[in-house]
Amino acid sequence: MSSGELLKIEPLELKFSFELKKQICCSIHLSNNTEEHVAFKVKTTNPKKYCVRPNTGIVLPRSTSEVIVTMQAQKEAPSDMQCKDKFLLQSVVATPGVAAKDITQEMFNKAEGRVVDECKLKVIYLPPAQPPSLVAEGSEEGFSPKESMKDNGHQNGSEAKSVISRLMAEKAAALQQSIKLRQELELVKRDMTRSRRGGVSFILIVVVGLLGILLGYILKKS
């Protein structure tokens, strides 16, 4: 962090996690701990490579401001991951009420009685963050991902066999119940048939008996 007369600037090194064909952003935090309105301007040695928003502005008294630096997508990576690009942040006391659109380059020209603070910022490339290794994690825990997958496969297979066996047992029980119901239905039908036959014989006996009594009564009268 830079502690100049006007602005505190952090960080002093712009660190970009370098990746090919991808825009990368980095922020600069500006703090104004004075009672003055402070105008700032950001310059770079490679303006085609970087986009700075805002590259000029006003930091009000006892307030802060944020500058976003975006590195354009790069087609090639430097062989040694070293970067010679630099940024220069200038700050100067501004007239109260001045707007960012009113800032001019002349305001930052050094002249007698005018204090222009300057802070140089370096650019550093960092390798992209590597995703966590599944093999390493598996090794630390004493097993590999392949073994874990095998265990999961065996577990799933055992569960499937258990489900199939349970379904087959339920099917067999249902079939036995159906057979038992059919047998009971046949017994009921047979009992009903027998009861019907028994009823007809009894009726015949009663009719014959009545006829015999009637015949005897007639013979007695004759």
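This is a predicted model: local features need pLDDT of at least 70, side-chain atom pairs count only at pLDDT 80 or more; totals for chains, interfaces and linings use all residues.

**Exercise 1.** Determine which strands pair with strand β8 through nine bridges and through four bridges, and in which direction they run.

*Solution.* Begin with strand β4, residues 24-32, which is joined by nine bridges to strand β8, residues 63-71. These two strands run antiparallel. Next, take strand β6, residues 50-53: four bridges join β6 to β8, and this pair is also antiparallel.

**Exercise 2.** Identify the residue in β8 that stands opposite Ser27, and the one that stands opposite Arg53.

*Solution.* First, Ser27 faces Ile68 of β8 in the pairing. Then consider Arg53, which stands opposite Ile68 in β8.

**Exercise 3.** Is Ile213 buried or exposed, and to which surface patch does Ile213 belong?

*Solution.* Locate Ile213 in helix α2, which spans residues 145-221. Its relative accessibility is 61%, and exposed means over 50%, so Ile213 counts as exposed. Finally, Ile213 forms a nonpolar surface patch with Val206 and Leu210, and together they have about 290 Å² of accessible area.

**Exercise 4.** Classify the accessibility of Lys86 and name the residues that gather with Lys86 in a patch of charge.

*Solution.* Lys86 is found in strand β9, residues 86-94. The relative accessibility of Lys86 is 40%, which lies between the cut-offs of 20% and 50%; therefore Lys86 counts as partly exposed. On the surface, Lys86 gathers with Lys84, Lys120 and Lys122 in a patch of positive charge.

Notes. Residues are numbered from 1 along each chain as its sequence is written. Side-chain values use heavy atoms; hydrogens and water are left out. Patches are made of residues with over 30% relative accessible area and no salt bridge: like charges are joined within 9 Å, nonpolar side chains (Val, Leu, Ile, Met, Phe, Trp, Tyr) within 5 Å. Accessible areas come from the Shrake-Rupley method with a 1.4 Å probe; for residues, only the protein chains shown count as cover. A salt bridge is a side-chain nitrogen of Lys or Arg within 4 Å of a carboxyl oxygen of Asp or Glu. Buried means under 20% relative accessible area, exposed over 50%, partly exposed in between (1.4 Å probe, protein chains only). Lys and Arg count as positive and Asp and Glu as negative; His and the chain ends are not counted. The place of a charge is taken as NZ of Lys, CZ of Arg, CG of Asp or CD of Glu. Two strands pair if DSSP finds at least two bridges between them.
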